[in-house]
Each structure stands twice: as structure tokens, then as C-alpha cells.
Amino acid sequence: DELLEAGIADISYPSPWQAAAALEAGRRARRRAADWLGGREAGEQVGVEVPFRVAWEGDGAPVRLKGVVDRLERGPDGELCVVDFKTGPRLPSRREVQGMEQLGAYQLAVECGGFGAGARSGGASLVFLCEADANDRPKQFVQAALSSAPHLDADDDGQPTWVHRRLSKAVAIVQTGVYPAVRGRACGGCAFASGCPALDEAEQGVGDD
């Protein structure tokens, strides 16, 4: 509790009750994490906070991926699975998880040797410590392994996987220096919605009193 209390104390909450609520939420999240880890049978822990750095060729442009995964596990068939812990309140849909770029990049890092030559990805998981299921365990979402679900739609067919396609698109955007506005779930609360070219006039609030 000391580390958690010290961390909460370092944050300037507007009122004491908000600090107390944050502390209690932190305690619940910690308890759920301990329960989740204690009952984990799906994979053997390989490491925590594991860094990676890999090189990849995206449509002729060299790309380097680097980062740190929260938890790395080895499955029963020797495949590596990445677990990413989340403390935020917004839960994604299961469809969103299948196309979540962060998890996809982790899987690609596994396939490219970021955690050892010859390793294969067995998928990736999101574990929400602040959101509980009916048994007060963290809600968990699983992204299918790239080998079992390499393409999410027909547009992915020109690339080995949907992750390759999206990374290639990102590389092209960076190279051109043109960053188009794209609709997303955060549009409704965006401070720049009134001038966004991705939204029509009704969504921008043009003409509202």
C-alpha cells in the first residue's frame, strides 16, 4: 500500500474524496491483478516489461519498431503471447481488438525475432485491471494470432498480414508529410470538431445557435 499511497499523494486531486476514490480503485486493480496472475494457467511467464527492437522493410522503406511489452508468455506449443495491462475505463469492442494496431505491432515484433529468433506469435491479450467481470476478475480481450487471422478484410490481400498493410500505410503518410483527418470514436469529444474536414456540417455543429 505504501507505494500506491505515495503515487496517489503525488497527484494533485481537486478534493480529498477524489484522492480517496483513486486510492480505492488502485487497490481493487492491484487485487484483480494478483488474482489474475495467481489463476493464470494459459501460459508460462517469459518476462515482464520486456523490451524489443526489430527492423522491417515497408514498401522499400526501412522501418524500426521498438517498445516494451508488459508481460510475455509462452504457450503450450511454444508460441509467444503478449499481455498488455490497461488501467483506463474505456473498453473496446471485440471487433476493435482484432484490429488494434498496438497489439498487432507486438505480434509482428514476435514474428520478426524481437523476442528471439524463430519465435511465433500465439496472439495477444488486453487485460483491463479497473474493469471487472461478474466474478470481479479483470476483463480480458484476445487478439487472434496473425497466423490464424492474417487478414481482416479484402484490402489486406496485398500484404502478408493486416499489420503489414497498416504499417505500410503509416510509412507512406510519414514520407509524404500529409496527415489526413480520419473519423474515430473520439470525434464526439474533440475540441477541434467544428473545423474538422472529416466531419460533415451537422457533426461539426455548423449553424447551431
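**Entry 1. The largest pocket**

I note at the outset that the model is predicted. I looked up the largest pocket and found a volume of about 420 Å³. Its lining consists of 15 residues, and those closest to the centre are G99, E101, L152, W162 and R166. Which helix gives the largest share of the lining? I found that α5 does, with 7 residues. Helices α3 (94-98), α4 (101-111) and α5 (162-176) each supply at least two lining residues.

**Entry 2. D84**

Is D84 buried or exposed? Its relative accessible area is 4%, under the 20% cut-off, and therefore I record D84 as buried. The side chain of D84 makes a polar contact of 3.0 Å with that of K86. Leaving aside residues up to four places away in sequence, I listed D70, Q102, L103, Y106, S125, L126 and V127 as touching D84.

**Entry 3. Salt bridges**

Side chains of opposite charge can pair when their charged atoms come close. I counted 9 salt bridges in the model and examined several of them.

Within helix α2 (residues 16-38), I looked up R28 and E24, which lie 4 residues apart, about one turn of the helix. They form a salt bridge with the closest N and O atoms 3.8 Å apart. R28 is partly exposed at 31% relative accessibility, and E24 is partly exposed at 35%.

I then looked up D136 and R31, whose salt bridge has its closest N and O atoms 3.6 Å apart. I record D136 as partly exposed at 31% and R31 as partly exposed at 38%. I also noted a network of salt bridges that links R31, R32 and D136.

Finally, I checked R120 and E111, whose side chains meet in a salt bridge of 2.7 Å, N to O. R120 is partly exposed at 49% relative accessibility. E111 is partly exposed as well, with a relative accessible area of 23%.

Technical notes. Residues numbered from 1 in each chain as written. Predicted model: local features only at pLDDT ≥ 70, side-chain atom pairs only at ≥ 80, totals over all residues. Heavy atoms only, no water. Buried < 20%, exposed > 50% of the residue type's maximum accessible area, 1.4 Å probe, protein only. Polar contact = N/O pair within 3.5 Å; in protein donor to acceptor, adjacent residues only side chain to side chain. Contact = heavy atoms within 4.5 Å. 1 Å grid on protein atoms, 1.4 Å probe; cavity = no way out; pocket = protein on both sides within 12 Å on 5 of 7 lines; lining within 4 Å. Points joined across faces, edges and corners; volume = space filled by probe spheres on them. Salt bridge = Lys/Arg side-chain N within 4 Å of Asp/Glu carboxyl O.
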